[in-house]
Amino acid sequence: ERLFQIAIDGPAAAGKSTVAKIVAKALGFVYIDTGAMYRSLTYKALKTGTDMKNGIKLKELLDVTDIVLKHSEIGQRVFVDGEDVSERIRYPDVTAQVSLVSSFGKVRTEMVRRQRKLAEHCSVVMDGRDIGTHVLPRAQVKIFLKASVDERAVRRFREEELKGLHPSIQALREAIALRDKKDMERTISPLVKAKDAIELDTTSLSVDEVVDRILNIAKERI
Ligand code: C5P
């Protein structure tokens with residue numbers, strides 16, 4: 001049986017993971033959140049006091065770090081060396097450093113190796129920044145999700161409110177814009193739309209509308 005791959009890339013807080021999870025469930029595919037993997041390494045670097053400007057040290061740390069993405073009825077859970085870090089890896093301290101940690105070639109090569117391995121035996125929906133361009137270049141469906149930075153800040157704000165937090169929209173907006181800039185300007189596998197990706201601007205679309213569009217595109221090609 002031929003394996004099917006859906007790659008979803010785009011800037012921070014564009015709705016990639018929300019949409020990817022629903023699409024994966026609808027098709028019975030495995031959802032792989034590559035951002036959670038970079039966040040996991042960043043968390044471990046913070047915890048161990050590893051110098052986040054040192055790519056060699058970060059790669060050595062990654063080599064002794066077990067990152068597991070688990071799927072259950074209550075959603076995805078992320079484990080680092082057996083510890084459930086699902087919430088912890090979304091905290092601002094991790095978010096602020098993850099673009100630096102993910103900028104090193106040695107770190108990326110190992111992450112990409114792990115990501116491809118996860119997609120070896122099953123059909124997947126994988127989201128990130130370099131999935132269509134680099135991790136799964138032969139994916140049958142490539143989507144590039146974008147939305148205005150204001151809309152993305154508002155969406156993130158609503159998510160944080162649900163967690164009982166009250167961040168400033170302006171601070172969220174700045175953090176999102178800065179992370180995008182770092183992800184687009186890095187030398188190794190920067191955030192860029194793959195030539196054969198379909199661009200979807202979700203600024204004025206609902207989650208259901210985005211999901212429907214992706215499912216329609218996928219069903220044409222399955
Ligand atoms: O998707 P998420 O916002 O959780 O990703 C966190 C960070 O991880 C991104 O801002 C980016 O720096 C890095 N990342 C990456 N390549 C990926 C996925 C995420 O560099 N494929």
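**Cores**

I looked up the largest nonpolar core, which has 32 residues; Leu-41, Leu-58, Val-107, Met-111, Met-126 and Leu-136 touch the most other members. A nonpolar core is a set of buried Ala, Val, Leu, Ile, Met, Phe, Trp, Tyr and Cys residues joined through side-chain atoms within 4.5 Å; buried is under 20% relative accessible area, exposed over 50%, partly exposed in between (1.4 Å probe, protein chains only). The elements giving two or more residues to this core include H2, helix H3 (55-63), strand S4 (75-80) and helix H5 (105-118). H2 gives the most, six residues. Helices (H or I, at least four residues) and strands (E, at least two) are DSSP runs, numbered from the N terminus. Apart from this core I found another, of 22 residues, among them Ile-8, Tyr-31, Leu-200 and Ile-214.

**Basis**

The model is predicted: local features need pLDDT of at least 70, side-chain atom pairs count only at pLDDT 80 or more, and totals for chains, interfaces and linings use all residues. Residues are numbered from 1 along each chain as its sequence is written, and side-chain values use heavy atoms, with hydrogens and water left out.

**Helix H2**

I checked Thr-42, which lies in H2. Thr-42 is buried, at a relative accessible area of 0%. Leaving aside neighbours within four places in sequence, Thr-42 is in contact (heavy atoms within 4.5 Å) with Met-52, Val-94, Gln-97, Val-98 and Val-101.

Lys-47 is also found in H2 (residues 34-48). Lys-47 counts as exposed because its relative accessibility is 55%.
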